[in-house]
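Here is a short report on a single structure. Please keep the sequence and the 3D view open while reading.

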Amino acid sequence: MSVFVLDKRKKPLMPCSEKRARLLLERGRARIHKLVPFTIRLVDRAVADSVVQPVAVKLDPGASTTGVALARVEDGNDEPTHHVLHLAEIEHRGKAIKQAMQQRSAFRRRRRGANLRYRPARFDNRTKPNGWLAPSLRHRVETVAAWVARYRRLAPVSAIAMELVRFDSHALSAPKVAEQGGAAYQQGELAGYEVREYLLEKWGRHCAYCDAENTPLQIEHVVPRAPGGSDRVSNLTLACEPCNQKKGALAVEDFLARDPKRLARIKVGLKTPLAGAAAMNATRWALWRALSATGLPVACATGGRTKWNRSRFDIPKTHALDAACVGTVGRVADWQRPTLTVKCTGRGAYQRTRLDRFGFPRGTLMLGKTVHGFQTGDLVRAVLTKGVHAGTWRGRVAVRATGSFNIQTSDGVRQGISWRYCAILQRGDGYGYAARSPR
Ligand SMILES: [Zn+2]
């Protein structure tokens, strides 16, 4: 994993290799600035006397995981080579947020109902402001924006690239394409990938004939190619391999003779083009606005292009490597490196009362969050010389009022370690960290 480097005034320099960082630390030319992501600070150099190269933060925003890649961009080319410096995956906690808010709303509803049984319903005059996002979605936008800001403090970031839409709807609606009924869109290497993403979005990611999900889907010609069916998107749908094989060169009317409802649905679906708005993802646009506000140039790309890049560079599929493949890239280099997984954990609950499943109080948490100076989420090291826990343990701590802590190490939880043996390595920041080796 690359090591982030700051100068003596905490201005970011180009990240360096682990070996170089080790030498700098051994020779006393640098100090450890931050443990995760590992960052060192030079003691004798200011940014003025060192040259930085352009670095791009590349993002592949997802519903549960966002891939992040930092890449050095080789200049002077329309399709530059991206040298990967750092890979990370941010695991979001939208589900946990949604669950907590639903629980809170249910508890409040019960309490209101308990005391106000005969109150008439209130006039429904509440509206959501324009551009409102649910808290679980806003968390995604804010977390990613916060991490981009963090990377800007650690590396000389000069540009941002993100995957904004799944496919290039502009190309599908461009006049030249429209007049040929989408046929032009089938030409060129990249086009096939965009069409695939378009079909996935339009047909809902399942087989059109048997509704099979989570299986590789093939592009299916409704009017088969043999009797002259065209390659236009208005003749394409998605089918699983067995259905595709079974249908073969049969006409769709014969193939679905026993299922007239499905046949009618497919025929209607073929005629209706996917509305541009349907493929737009409000959360991604909100993220795009948040990133544009940083003042850095934000390049937008399509999911089709990401997939095309990934397959032509022969790179395996992970969220972080998808991020590395986002945008107009000539080559992706140095991608065989570990990925930092960043799990959003939050900073604990505001609510101090524990409730049973009916919403009645069951007990209370301690009022303060710190115990002997430790807080849940801090990265600690515990050194024990005797007893069942003898050894050195490093990980995220969960505190108890008794001073007997749990430590989440890379291989399981060590329970009941006294605070006396613990030392803080890095304060909790709402994330849990782990490193994953390249596959
Ligand atoms: Zn099928």
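## Strand pairing

Strand 18 (residues 379–384) pairs with strand 22 in the antiparallel sense, over four bridges. Take Leu379: its bridge partner in strand 22 is Gln426. The model is predicted.

Strands of a sheet pair through backbone hydrogen bonds, either parallel or antiparallel.

## The zinc site

Which residues are the protein donors of the zinc ion? They are Cys207, Cys210, Cys240 and Cys243, each through SG. These atoms lie 2.2 to 2.3 Å from the zinc ion. Along the chain, the donors follow the spacing C-x2-C-x29-C-x2-C.

Cys210 and Cys243 link distant parts of the chain, 33 residues apart. Cys210 sits in the loop between helix 6 (189–203) and strand 9 (217–221). Cys243 sits in helix 7 (residues 241–247).

Why is the arrangement around the zinc ion tetrahedral? The four donor atoms subtend angles of 103 to 116°, and the criterion asks that all angles lie between 85 and 135 degrees. The ideal angle for four tetrahedral donors is 109.5 degrees.

Is Cys243 buried or exposed? Cys243 is buried, because its relative accessible area is 5%, and buried means under 20%. Cys210 is partly exposed, with a relative accessible area of 38%.

Technical notes:
Residues are numbered from 1 along each chain as its sequence is written. This is a predicted model: local features need pLDDT of at least 70, side-chain atom pairs count only at pLDDT 80 or more; totals for chains, interfaces and linings use all residues. Side-chain values use heavy atoms; hydrogens and water are left out. Donors are N, O and S atoms within 2.8 Å of the metal (3.2 Å for Na, K and Ca); water is not among the atoms, so sites may look incomplete. Four donors count as tetrahedral if all angles lie between 85 and 135 degrees; four count as square planar and six as octahedral if opposite donors are over 155 degrees apart and all others between 65 and 115; anything else is irregular. Helices (H or I, at least four residues) and strands (E, at least two) are DSSP runs, numbered from the N terminus. Buried means under 20% relative accessible area, exposed over 50%, partly exposed in between (1.4 Å probe, protein chains only). Two strands pair if DSSP finds at least two bridges between them.
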